[in-house]
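Subject: Structure handover

Hi,

Here is the structure for you to look through. Please open it first, then read my notes below.

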Amino acid sequence: MNVGIDKINFFVPPYYIDMVDLAHARGVDPNKFTIGIGQDQMAVSKMTQDIVTFAMHAAKPLLTAADLAAIDMVIVGTESGIDESKASAVVLHRLLGVQPFARSFEIKEACYGATAGLQFAKSHIQAHPDSKVLVVASDIARYGLASGGEPTQGAGAVAMLVTAEPRILALDNDNVMLTQDIYDFWRPVGHPYPMVDGHLSNEVYINSFKQVWQESCRRNDRSTEDYAAICFHIPYTKMGKKALLAGLASEEQAQQERLLARYEESIVYSRRIGNLYTGSLYLGLISLIENSVALKANDRIGLFSYGSGAVAELFSGHLVAGYEQHVSKENHERLLEEREKLSITDYEKLFNEKIDIDEDKVFQDDLIYSVQEIKQTIRYYKEKNQ
Ligand code: HMG
(Lines give C-alpha, C1' and ligand atoms only; values in the text may rest on other atoms or scores of the structure.)
Protein backbone atom coordinates (compact mmCIF):
# COMPACT_ATOMS: atom_id res chain seq x y z
CA MET A 1 0.00 0.00 0.00
CA ASN A 2 1.28 3.48 -0.88
CA VAL A 3 0.88 6.31 1.64
CA GLY A 4 1.56 9.96 0.98
CA ILE A 5 0.32 13.35 -0.14
CA ASP A 6 -3.09 13.16 -1.78
CA LYS A 7 -3.79 16.92 -1.85
CA ILE A 8 -1.59 19.96 -1.23
CA ASN A 9 -2.15 23.71 -1.25
CA PHE A 10 -0.49 26.89 0.00
CA PHE A 11 -1.71 30.29 1.14
CA VAL A 12 0.17 33.53 1.66
CA PRO A 13 -1.19 36.83 3.01
CA PRO A 14 -2.33 39.42 0.44
CA TYR A 15 0.57 41.91 0.96
CA TYR A 16 4.21 41.94 -0.09
CA ILE A 17 7.19 44.22 -0.41
CA ASP A 18 9.72 44.41 -3.22
CA MET A 19 13.23 43.48 -2.10
CA VAL A 20 14.76 46.29 -4.17
CA ASP A 21 12.63 48.79 -2.20
CA LEU A 22 13.76 47.18 1.06
CA ALA A 23 17.42 47.31 -0.04
CA HIS A 24 17.11 51.03 -0.86
CA ALA A 25 15.44 51.73 2.48
CA ARG A 26 18.20 49.88 4.36
CA GLY A 27 21.07 51.38 2.33
CA VAL A 28 22.08 48.00 0.90
CA ASP A 29 23.03 47.13 -2.71
CA PRO A 30 19.82 45.54 -4.12
CA ASN A 31 21.93 42.77 -5.71
CA LYS A 32 22.72 41.50 -2.23
CA PHE A 33 19.03 40.69 -1.70
CA THR A 34 18.06 39.63 -5.23
CA ILE A 35 21.26 37.73 -6.11
CA GLY A 36 23.19 37.14 -2.85
CA ILE A 37 20.10 36.09 -0.85
CA GLY A 38 17.99 35.23 -3.92
CA GLN A 39 14.72 36.96 -3.00
CA ASP A 40 12.58 39.25 -5.22
CA GLN A 41 9.59 39.83 -2.94
CA MET A 42 8.62 39.13 0.66
CA ALA A 43 5.19 38.27 2.09
CA VAL A 44 3.92 40.59 4.83
CA SER A 45 1.12 39.82 7.26
CA LYS A 46 -1.28 41.90 9.36
CA MET A 47 -1.81 41.49 13.09
CA THR A 48 -5.33 40.12 12.41
CA GLN A 49 -3.85 37.24 10.41
CA ASP A 50 -2.19 34.44 12.34
CA ILE A 51 -1.24 30.77 11.94
CA VAL A 52 -4.88 29.69 12.33
CA THR A 53 -6.21 32.02 9.61
CA PHE A 54 -3.37 31.04 7.25
CA ALA A 55 -4.06 27.37 7.98
CA MET A 56 -7.77 27.86 7.26
CA HIS A 57 -7.07 29.54 3.93
CA ALA A 58 -4.65 26.77 2.90
CA ALA A 59 -6.74 23.80 4.09
CA LYS A 60 -10.36 24.79 3.49
CA PRO A 61 -10.29 24.68 -0.37
CA LEU A 62 -8.75 21.20 -0.28
CA LEU A 63 -11.30 19.41 1.84
CA THR A 64 -14.57 17.82 0.71
CA ALA A 65 -17.34 16.66 3.08
CA ALA A 66 -16.01 13.10 2.63
CA ASP A 67 -12.51 14.24 3.69
CA LEU A 68 -13.89 16.00 6.80
CA ALA A 69 -15.69 12.77 7.74
CA ALA A 70 -12.56 10.62 7.20
CA ILE A 71 -9.92 12.83 8.85
CA ASP A 72 -9.10 11.51 12.32
CA MET A 73 -5.96 13.53 12.95
CA VAL A 74 -5.15 17.24 12.53
CA ILE A 75 -1.49 18.19 12.96
CA VAL A 76 -0.12 21.73 12.83
CA GLY A 77 3.63 22.18 12.54
CA THR A 78 4.56 25.69 13.66
CA GLU A 79 7.05 27.82 15.56
CA SER A 80 4.69 30.83 15.62
CA GLY A 81 2.22 29.39 18.14
CA ILE A 82 -0.49 31.66 19.57
CA ASP A 83 -0.76 29.83 22.89
CA GLU A 84 1.79 28.13 25.17
CA SER A 85 -0.67 25.34 25.98
CA LYS A 86 -3.65 24.93 23.65
CA ALA A 87 -2.81 23.66 20.16
CA SER A 88 -3.88 25.71 17.15
CA ALA A 89 -4.86 22.35 15.58
CA VAL A 90 -7.78 22.14 18.03
CA VAL A 91 -9.14 25.49 16.82
CA LEU A 92 -8.50 24.51 13.20
CA HIS A 93 -10.33 21.21 13.73
CA ARG A 94 -13.49 23.09 14.77
CA LEU A 95 -13.27 25.86 12.17
CA LEU A 96 -12.88 23.30 9.37
CA GLY A 97 -15.70 21.08 10.66
CA VAL A 98 -13.66 17.88 11.00
CA GLN A 99 -15.67 14.99 12.59
CA PRO A 100 -15.21 15.00 16.39
CA PHE A 101 -13.44 11.65 16.99
CA ALA A 102 -10.05 12.97 15.95
CA ARG A 103 -6.63 13.64 17.49
CA SER A 104 -5.49 17.29 17.12
CA PHE A 105 -2.12 18.66 18.17
CA GLU A 106 0.75 21.00 17.37
CA ILE A 107 4.39 20.04 16.75
CA LYS A 108 7.38 22.31 17.28
CA GLU A 109 10.98 21.94 16.16
CA ALA A 110 11.75 25.13 14.27
CA CYS A 111 11.27 24.60 10.51
CA TYR A 112 11.24 20.82 10.90
CA GLY A 113 7.79 20.57 12.61
CA ALA A 114 5.69 19.81 9.52
CA THR A 115 8.07 17.02 8.49
CA ALA A 116 7.61 15.38 11.90
CA GLY A 117 3.85 15.79 11.31
CA LEU A 118 4.04 14.24 7.85
CA GLN A 119 6.00 11.22 9.09
CA PHE A 120 3.58 10.76 12.02
CA ALA A 121 0.69 10.95 9.55
CA LYS A 122 2.33 8.35 7.31
CA SER A 123 2.67 5.85 10.20
CA HIS A 124 -0.94 6.49 11.22
CA ILE A 125 -2.29 5.83 7.72
CA GLN A 126 -0.17 2.68 7.42
CA ALA A 127 -2.01 1.39 10.51
CA HIS A 128 -5.42 2.86 9.57
CA PRO A 129 -5.64 2.98 5.76
CA ASP A 130 -9.25 4.17 5.68
CA SER A 131 -8.57 7.34 7.63
CA LYS A 132 -7.00 10.59 6.44
CA VAL A 133 -4.68 13.02 8.21
CA LEU A 134 -4.51 16.76 7.71
CA VAL A 135 -0.99 18.16 8.18
CA VAL A 136 -0.63 21.95 8.10
CA ALA A 137 2.58 23.97 8.26
CA SER A 138 1.77 27.54 9.28
CA ASP A 139 4.16 30.29 10.34
CA ILE A 140 5.12 33.94 10.40
CA ALA A 141 8.87 34.38 9.95
CA ARG A 142 9.99 37.60 11.65
CA TYR A 143 13.41 38.81 12.71
CA GLY A 144 12.71 42.50 13.35
CA LEU A 145 12.94 45.71 11.31
CA ALA A 146 16.43 46.44 9.97
CA SER A 147 17.77 43.24 11.57
CA GLY A 148 20.24 40.90 9.83
CA GLY A 149 17.49 38.39 9.18
CA GLU A 150 14.96 40.95 7.86
CA PRO A 151 15.42 40.07 4.15
CA THR A 152 14.67 36.42 4.99
CA GLN A 153 11.24 36.95 6.56
CA GLY A 154 7.91 35.68 5.14
CA ALA A 155 4.51 34.26 6.16
CA GLY A 156 1.94 31.70 5.11
CA ALA A 157 0.83 28.08 5.29
CA VAL A 158 0.90 24.81 3.40
CA ALA A 159 -1.84 22.20 3.94
CA MET A 160 -1.45 18.53 2.99
CA LEU A 161 -3.94 15.71 3.10
CA VAL A 162 -2.16 12.41 3.81
CA THR A 163 -3.95 9.24 2.70
CA ALA A 164 -3.51 5.69 1.43
CA GLU A 165 -3.06 5.45 -2.35
CA PRO A 166 -2.31 9.19 -2.66
CA ARG A 167 -2.70 10.99 -5.97
CA ILE A 168 0.38 13.26 -5.82
CA LEU A 169 3.39 11.86 -3.93
CA ALA A 170 3.79 8.34 -2.50
CA LEU A 171 6.29 8.49 0.36
CA ASP A 172 9.21 6.04 0.41
CA ASN A 173 10.61 4.33 3.54
CA ASP A 174 14.15 5.65 3.26
CA ASN A 175 14.30 8.40 5.88
CA VAL A 176 17.63 9.44 7.38
CA MET A 177 17.33 11.71 10.41
CA LEU A 178 19.97 13.78 12.23
CA THR A 179 19.76 15.59 15.59
CA GLN A 180 22.43 18.01 16.81
CA ASP A 181 22.09 20.27 19.87
CA ILE A 182 23.30 23.53 18.31
CA TYR A 183 22.23 27.14 18.96
CA ASP A 184 22.09 28.51 15.42
CA PHE A 185 18.57 29.93 15.74
CA TRP A 186 16.25 29.80 18.76
CA ARG A 187 13.49 31.84 20.39
CA PRO A 188 13.34 31.85 24.20
CA VAL A 189 9.80 31.93 25.65
CA GLY A 190 8.50 35.52 25.68
CA HIS A 191 10.86 36.80 23.00
CA PRO A 192 9.04 38.23 19.97
CA TYR A 193 11.91 37.48 17.56
CA PRO A 194 14.43 34.64 17.33
CA MET A 195 18.03 34.87 18.37
CA VAL A 196 20.04 33.91 15.32
CA ASP A 197 23.63 33.25 14.46
CA GLY A 198 23.05 33.59 10.72
CA HIS A 199 26.40 32.41 9.48
CA LEU A 200 26.49 29.45 11.86
CA SER A 201 22.96 28.53 10.73
CA ASN A 202 24.09 28.45 7.08
CA GLU A 203 27.04 26.27 8.02
CA VAL A 204 24.95 23.81 10.08
CA TYR A 205 22.32 23.63 7.32
CA ILE A 206 24.95 22.76 4.69
CA ASN A 207 26.78 20.26 6.90
CA SER A 208 23.48 18.63 7.89
CA PHE A 209 22.57 18.15 4.24
CA LYS A 210 25.99 16.67 3.49
CA GLN A 211 25.67 14.22 6.39
CA VAL A 212 22.15 12.96 5.65
CA TRP A 213 22.87 12.83 1.91
CA GLN A 214 25.97 10.67 2.37
CA GLU A 215 24.28 8.46 4.95
CA SER A 216 21.18 8.06 2.78
CA CYS A 217 23.27 7.10 -0.28
CA ARG A 218 25.14 4.56 1.87
CA ARG A 219 22.07 3.05 3.59
CA ASN A 220 19.83 3.04 0.51
CA ASP A 221 22.59 2.27 -2.01
CA ARG A 222 21.76 5.32 -4.09
CA SER A 223 23.40 8.16 -5.99
CA THR A 224 22.25 11.39 -7.62
CA GLU A 225 20.99 9.42 -10.63
CA ASP A 226 18.24 7.91 -8.46
CA TYR A 227 16.71 11.37 -7.93
CA ALA A 228 14.75 13.33 -10.51
CA ALA A 229 14.87 16.34 -8.17
CA ILE A 230 15.71 17.31 -4.60
CA CYS A 231 13.57 19.85 -2.74
CA PHE A 232 15.13 21.76 0.13
CA HIS A 233 13.89 23.71 3.13
CA ILE A 234 14.11 27.23 1.68
CA PRO A 235 14.79 29.96 4.28
CA TYR A 236 15.92 32.08 1.30
CA THR A 237 16.41 30.68 -2.17
CA LYS A 238 20.21 30.88 -2.25
CA MET A 239 20.45 28.58 0.80
CA GLY A 240 19.30 25.33 -0.83
CA LYS A 241 21.49 26.02 -3.84
CA LYS A 242 24.54 26.42 -1.62
CA ALA A 243 23.79 23.12 0.15
CA LEU A 244 23.08 21.32 -3.14
CA LEU A 245 26.39 22.47 -4.65
CA ALA A 246 28.37 21.72 -1.48
CA GLY A 247 26.72 18.33 -0.91
CA LEU A 248 27.10 17.16 -4.50
CA ALA A 249 30.51 18.74 -5.17
CA SER A 250 32.11 15.37 -6.03
CA GLU A 251 29.28 14.34 -8.39
CA GLU A 252 29.49 14.62 -12.18
CA GLN A 253 28.90 18.13 -13.57
CA ALA A 254 25.92 16.93 -15.66
CA GLN A 255 24.17 15.48 -12.59
CA GLN A 256 24.78 18.69 -10.62
CA GLU A 257 23.38 20.78 -13.47
CA ARG A 258 20.31 18.56 -13.85
CA LEU A 259 19.46 18.79 -10.14
CA LEU A 260 20.23 22.50 -10.11
CA ALA A 261 17.74 23.03 -12.95
CA ARG A 262 15.04 21.24 -10.90
CA TYR A 263 16.04 23.29 -7.84
CA GLU A 264 15.41 26.50 -9.81
CA GLU A 265 11.90 25.21 -10.55
CA SER A 266 11.34 24.52 -6.85
CA ILE A 267 12.08 28.12 -5.80
CA VAL A 268 9.75 30.00 -8.16
CA TYR A 269 7.21 30.74 -5.39
CA SER A 270 9.73 31.15 -2.56
CA ARG A 271 11.51 33.94 -4.47
CA ARG A 272 8.23 35.89 -4.20
CA ILE A 273 7.29 34.90 -0.65
CA GLY A 274 10.36 34.39 1.55
CA ASN A 275 10.63 31.97 4.44
CA LEU A 276 7.48 30.07 5.47
CA TYR A 277 9.52 28.31 8.20
CA THR A 278 7.82 24.86 8.54
CA GLY A 279 6.04 25.23 5.20
CA SER A 280 9.06 26.22 3.10
CA LEU A 281 10.09 22.71 2.04
CA TYR A 282 6.53 21.91 0.97
CA LEU A 283 6.11 25.24 -0.82
CA GLY A 284 9.21 24.16 -2.77
CA LEU A 285 7.58 20.83 -3.58
CA ILE A 286 4.45 22.59 -4.90
CA SER A 287 6.61 24.98 -6.95
CA LEU A 288 8.57 22.08 -8.44
CA ILE A 289 5.50 20.06 -9.39
CA GLU A 290 3.70 23.08 -10.85
CA ASN A 291 6.64 24.61 -12.71
CA SER A 292 8.69 21.68 -13.98
CA VAL A 293 8.03 20.13 -17.36
CA ALA A 294 10.91 17.70 -16.95
CA LEU A 295 9.22 15.49 -14.36
CA LYS A 296 7.16 12.38 -15.03
CA ALA A 297 5.19 9.77 -13.12
CA ASN A 298 7.22 7.53 -10.83
CA ASP A 299 10.12 9.99 -10.62
CA ARG A 300 11.78 10.03 -7.20
CA ILE A 301 11.79 13.44 -5.46
CA GLY A 302 14.18 13.86 -2.52
CA LEU A 303 13.07 16.14 0.33
CA PHE A 304 15.58 17.76 2.68
CA SER A 305 13.97 19.12 5.82
CA TYR A 306 15.95 21.33 8.22
CA GLY A 307 14.90 22.88 11.51
CA SER A 308 17.39 24.98 13.41
CA GLY A 309 18.44 23.76 16.77
CA ALA A 310 18.94 21.38 14.85
CA VAL A 311 17.03 18.48 13.30
CA ALA A 312 17.44 17.44 9.67
CA GLU A 313 15.83 14.67 7.66
CA LEU A 314 16.26 13.43 4.11
CA PHE A 315 13.46 11.31 2.69
CA SER A 316 11.83 10.82 -0.66
CA GLY A 317 8.62 10.12 -2.50
CA HIS A 318 7.52 8.98 -5.95
CA LEU A 319 5.31 11.08 -8.20
CA VAL A 320 2.02 9.31 -8.82
CA ALA A 321 0.69 9.04 -12.41
CA GLY A 322 -1.64 11.99 -13.05
CA TYR A 323 -0.12 14.07 -10.18
CA GLU A 324 -0.18 17.20 -12.35
CA GLN A 325 -4.00 17.18 -12.38
CA HIS A 326 -4.13 17.55 -8.60
CA VAL A 327 -2.20 20.80 -8.20
CA SER A 328 -3.28 24.26 -9.23
CA LYS A 329 -0.61 26.49 -10.76
CA GLU A 330 -3.26 28.92 -12.01
CA ASN A 331 -4.74 29.49 -8.53
CA HIS A 332 -1.34 29.89 -6.93
CA GLU A 333 -0.12 32.37 -9.55
CA ARG A 334 -3.35 34.33 -9.12
CA LEU A 335 -2.88 34.37 -5.34
CA LEU A 336 0.58 35.89 -5.80
CA GLU A 337 -0.47 38.28 -8.59
CA GLU A 338 -3.44 39.69 -6.68
CA ARG A 339 -1.41 40.68 -3.63
CA GLU A 340 -1.02 44.36 -2.79
CA LYS A 341 2.49 45.79 -2.97
CA LEU A 342 3.30 47.83 0.15
CA SER A 343 5.69 50.73 0.48
CA ILE A 344 8.42 50.17 3.06
CA THR A 345 6.73 52.77 5.30
CA ASP A 346 3.43 50.85 5.18
CA TYR A 347 5.24 47.56 5.79
CA GLU A 348 6.97 49.03 8.84
CA LYS A 349 3.63 50.32 10.12
CA LEU A 350 1.97 46.89 9.74
CA PHE A 351 5.02 45.24 11.29
CA ASN A 352 4.74 47.36 14.43
CA GLU A 353 0.99 46.74 14.92
CA LYS A 354 0.50 43.98 17.47
CA ILE A 355 -2.51 42.40 19.15
CA ASP A 356 -2.55 42.98 22.90
CA ILE A 357 -4.08 39.73 24.10
CA ASP A 358 -5.01 41.32 27.46
CA GLU A 359 -7.10 44.07 25.85
CA ASP A 360 -10.64 43.22 24.69
CA LYS A 361 -11.03 44.58 21.16
CA VAL A 362 -12.94 44.07 17.89
CA PHE A 363 -11.00 44.11 14.57
CA GLN A 364 -11.80 44.62 10.88
CA ASP A 365 -10.02 42.67 8.15
CA ASP A 366 -11.12 42.01 4.55
CA LEU A 367 -9.74 38.47 4.48
CA ILE A 368 -12.31 35.65 4.58
CA TYR A 369 -10.69 34.23 7.72
CA SER A 370 -9.13 36.63 10.23
CA VAL A 371 -9.03 37.44 13.94
CA GLN A 372 -12.31 39.27 14.61
CA GLU A 373 -12.20 39.83 18.32
CA ILE A 374 -10.11 39.42 21.45
CA LYS A 375 -12.24 38.81 24.50
CA GLN A 376 -10.82 37.76 27.87
CA THR A 377 -7.58 36.68 26.14
CA ILE A 378 -9.40 34.39 23.67
CA ARG A 379 -9.04 34.87 19.91
CA TYR A 380 -12.38 34.74 18.05
CA TYR A 381 -12.12 34.21 14.30
CA LYS A 382 -14.24 35.54 11.47
CA GLU A 383 -15.30 32.23 10.00
CA LYS A 384 -16.72 33.33 6.64
CA ASN A 385 -17.07 36.49 4.55
CA GLN A 386 -19.24 38.61 6.90
P1 HMG B 1 24.27 38.76 5.91
O2 HMG B 1 25.43 38.92 6.84
O3 HMG B 1 23.32 39.89 5.83
O4 HMG B 1 24.72 38.52 4.44
O5 HMG B 1 23.52 37.43 6.33
P6 HMG B 1 26.12 38.03 3.83
O7 HMG B 1 27.15 39.06 4.00
O8 HMG B 1 26.44 36.64 4.31
O9 HMG B 1 25.70 37.98 2.30
C10 HMG B 1 24.75 37.07 1.85
C11 HMG B 1 25.11 36.67 0.44
O12 HMG B 1 24.96 37.82 -0.40
C13 HMG B 1 26.57 36.24 0.28
O14 HMG B 1 26.58 35.21 -0.69
C15 HMG B 1 27.25 37.48 -0.28
O16 HMG B 1 28.43 37.21 -1.02
C17 HMG B 1 26.16 38.01 -1.16
P18 HMG B 1 27.25 33.79 -0.35
O19 HMG B 1 28.66 34.03 -0.12
O20 HMG B 1 26.59 33.29 0.90
O21 HMG B 1 26.95 32.96 -1.53
N22 HMG B 1 26.28 39.46 -1.47
C23 HMG B 1 26.09 39.97 -2.69
N24 HMG B 1 25.77 39.38 -3.88
C25 HMG B 1 25.61 40.19 -4.96
N26 HMG B 1 25.78 41.55 -4.91
C27 HMG B 1 26.11 42.16 -3.75
C28 HMG B 1 26.26 41.36 -2.57
N29 HMG B 1 26.55 41.64 -1.28
C30 HMG B 1 26.56 40.46 -0.61
N31 HMG B 1 26.25 43.50 -3.72
C32 HMG B 1 21.85 35.74 6.39
C33 HMG B 1 22.65 36.68 5.52
C34 HMG B 1 21.07 34.81 5.50
C35 HMG B 1 22.80 34.92 7.26
C36 HMG B 1 20.88 36.57 7.28
O37 HMG B 1 19.92 37.18 6.49
C38 HMG B 1 20.20 35.75 8.36
O39 HMG B 1 20.71 35.62 9.47
N40 HMG B 1 18.98 35.16 8.06
C41 HMG B 1 18.27 34.33 9.02
C42 HMG B 1 18.89 32.96 9.24
C43 HMG B 1 18.74 32.04 8.04
O44 HMG B 1 17.90 32.21 7.18
N45 HMG B 1 19.56 30.95 8.03
C46 HMG B 1 19.45 29.96 7.00
C47 HMG B 1 19.90 28.56 7.46
S48 HMG B 1 19.09 28.09 8.99
C49 HMG B 1 17.49 27.64 8.47
O50 HMG B 1 17.24 27.47 7.33
C51 HMG B 1 16.47 27.54 9.55
C52 HMG B 1 15.49 28.71 9.63
O53 HMG B 1 14.55 28.60 8.59
C54 HMG B 1 14.83 28.73 11.00
C55 HMG B 1 14.11 27.49 11.49
O56 HMG B 1 14.55 26.36 11.33
O57 HMG B 1 13.08 27.70 12.17
C58 HMG B 1 16.18 30.04 9.48
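The largest cavity in this predicted model has a volume of about 90 Å³. How many cavities of 30 Å³ or more are there? The count comes to one.

Several stretches of chain line the largest cavity. Met 42, Ala 43, Val 44 and Ser 45 are among the lining residues. S3 gives the most, with three residues. By type, the lining has eight nonpolar residues, three polar and one charged.

Now pick out Asn 275. You will find Asn 275 in the loop between helix H9 (253-266) and helix H10 (280-291). Is Asn 275 buried or exposed? Its relative accessible area is 2%. Buried means under 20%, so Asn 275 is buried. The side chain of Asn 275 reaches the backbone nitrogen of Tyr 277 at 2.7 Å.

Leaving out residues up to four places away, its contacts include Ala 141, Gln 153, Gly 154 and Ala 155.

Thr 152 leads on to the next site. The second largest pocket has a volume of about 680 Å³. It is lined by 33 residues. Which of them are closest to its centre? They are Gly 148, Gly 149, Thr 152, Gly 198 and Tyr 236. Helix H2 (30-37), helix H7 (198-220) and helix H8 (237-247) each give two or more residues to this lining. The largest share, five residues, comes from H7. The lining divides into 17 nonpolar residues, twelve polar and four charged.

Where does the second largest pocket lie? Domain 1 (3-170 + 328-383) gives residues to its lining, and domain 2 (172-320) does too, so the pocket lies between them.

Best wishes

Methods
Residues are numbered from 1 along each chain as its sequence is written. This is a predicted model: local features need pLDDT of at least 70, side-chain atom pairs count only at pLDDT 80 or more; totals for chains, interfaces and linings use all residues. Side-chain values use heavy atoms; hydrogens and water are left out. On a 1 Å grid over the protein atoms alone, a cavity is a set of points where a 1.4 Å probe fits but cannot get out, and a pocket is an open set with protein on both sides within 12 Å along at least five of seven lines; lining residues have an atom within 4 Å of a point. Grid points are joined across faces, edges and corners, and a volume is the space filled by probe spheres set on the points. Helices (H or I, at least four residues) and strands (E, at least two) are DSSP runs, numbered from the N terminus. Ala, Val, Leu, Ile, Met, Phe, Trp, Tyr, Cys and Pro count as nonpolar, Asp, Glu, Lys and Arg as charged, and the others, Gly among them, as polar. Domain bounds come from an automatic or database domain assignment. Buried means under 20% relative accessible area, exposed over 50%, partly exposed in between (1.4 Å probe, protein chains only). A polar contact is a pair of N or O atoms within 3.5 Å; within protein, one must be able to donate a hydrogen and the other to accept it, and residues adjacent in sequence count only if both atoms are side-chain atoms. Contact means heavy atoms within 4.5 Å.
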